[in-house]
Amino acid sequence: MVPKYRTLMGLLPGMEFGIGMAMYTILAYFIRTWRIYTTTGMWFCIPVMIYWIVLMPESPRWLLDQGRFREFQVIARDMERKCGKKFDPVLWKKLDELAAKQSPDATWKEKIVAALKCRSINHHTDGAEQHSTFQPLIQIAKQPLLRKWLGAFLIVWSTNMLLYYSLTMGQDLFNLDIYVFTFMIGIFEVPGAGWTTITINIIGRRASQILGMLMCAGCLILCKILEDYRWAVLIFASCSKLFITGTFCLVFLYTGEVLPTYSRASGIGLCSGFCRIAGTAFPYIEMMNTFFFNGASIVFMASLAIISAGATLILPETKGQELPEFVEDCELLAKGKLLPVHIVESHVLDEHNEENV
């Protein structure tokens, strides 16, 4: 993906989810029999399947693992042309050698043998040692700074998940009609996934995350204060979904920009798995109104959003900084000194010119 559109494409799926939710709510309003509803909704998936099968290219990494070098080269050349960047010439030379040895009609056994040879190119092994699956997480556990950041991310991810699903299925929390409520929160998800694409380039990732959480908490509190006005409750409940959708989309991007390359995928996977476990508690939030007082669920959700905003203060700002490759880079990131190479070079050049003057 071209860097210019990487952030936008990372946040677009949230918009699509909201459009689908609103569309299927309208469908459910007119089709009340679940069998007919399910069958009708299934047909919308066919154009998507055709698009993925016909127009989407195969994963280059997977092709490389399968030893399908010629197909990999076609896609990789297209990526070079569109992104304006070149792959390592040494890599191309090795791939050309492997592709030349492989016949066009190679059997599946030959492709497997070629894939095993290709693993050294794809950096799946490090010399003679194979890294443990848990090695990236062990690396995080050994570093106090990364442990602190990961703990903050676990709180932020869990809060996002819990509030997102509580608001998605929370028509009973606000005593609203299920069709109107679900349609509104689906529509509000579209700008919800889009507002962060603007703010992250203006005020940064951390400030956007805090802003979204605090605004969500404020909208929930207003829902409690104005509970006698149904339309006001509907608007502010939808606005709370708008802000939590934005922060949920943002936390995926933010986590990947904070954790170092070696631990990035494992860290995001841990946060995602942990928040799914926390998300299983959302059906019990409504029960708080019965055991405590009317509106206890909304107060609890607003409190979680405020706590999550406080946890975000621990995290570093990544706007205008490079992605950390190693643990040492994280210390520079925490100080705001992990600048892109071209900025560092310009600073060095300016200092050199000043010394000559």
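**Exercise 1.** Is asparagine 175 buried or exposed?

*Solution.* Start with the ground rules. This is a predicted model, with residues numbered from 1 along each chain as its sequence is written. Local features need pLDDT of at least 70, side-chain atom pairs count only at pLDDT 80 or more, totals for chains, interfaces and linings use all residues, and side-chain values use heavy atoms, with hydrogens and water left out.

Next, the cut-offs: buried is under 20% relative accessible area, exposed is over 50%, and partly exposed lies in between (1.4 Å probe, protein chains only). Asparagine 175 has 57% relative accessibility, so it is exposed. Then place it: asparagine 175 is in the loop between α10 (171-174) and α11 (178-199). Helices here are DSSP runs of H or I, at least four residues, numbered from the N terminus. Last, check the backbone. Asparagine 175 has a phi near 55°, which is positive although the residue is not glycine.

**Exercise 2.** Find where confidence is lowest and highest among the elements of the protein chain.

*Solution.* pLDDT is the predictor's confidence in each residue, from 0 to 100. The chain average is 77, and 80% of the residues score at least 70. Helix α18 (residues 341-356) has the lowest mean, 42; helix α12 (residues 205-225) has the highest, 92. Over residues 341-357 pLDDT is below 50, and this stretch has three contacts (heavy atoms within 4.5 Å) beyond near neighbours in sequence. Where pLDDT is low, the predicted coordinates should not be read in detail.

**Exercise 3.** Describe helix α5 and the residue just after it.

*Solution.* Helix α5 (residues 69-83) has 15 residues. Its first and last C-alpha are 20 Å apart, close to the 21 Å expected. That expectation is 1.5 Å times one less than the number of residues. Its buried residues are Phe69, Phe72, Gln73, Ile75, Ala76 and Glu80. An α-helix has 3.6 residues a turn, so residues three or four places apart point the same way. Just after α5, glycine 84 takes a positive phi of about 75°.

**Exercise 4.** Classify the ring pair of tyrosine 165 and phenylalanine 282.

*Solution.* Rings of Phe, Tyr and Trp (its six-membered ring) pair if their centres lie within 6.5 Å; planes under 30 degrees apart are stacked, over 60 edge-to-face, the rest tilted. The whole structure has 11 such pairs. Here the centres are 5.9 Å apart and the planes at 25°, so the pair is stacked. Tyrosine 165 is in helix α9 (residues 144-168); phenylalanine 282 is in the loop between α14 (261-279) and α15 (288-291), 117 residues apart. Tyrosine 165 is partly exposed at 25%, as is phenylalanine 282 at 21%.

Technical notes: Helices (H or I, at least four residues) and strands (E, at least two) are DSSP runs, numbered from the N terminus.
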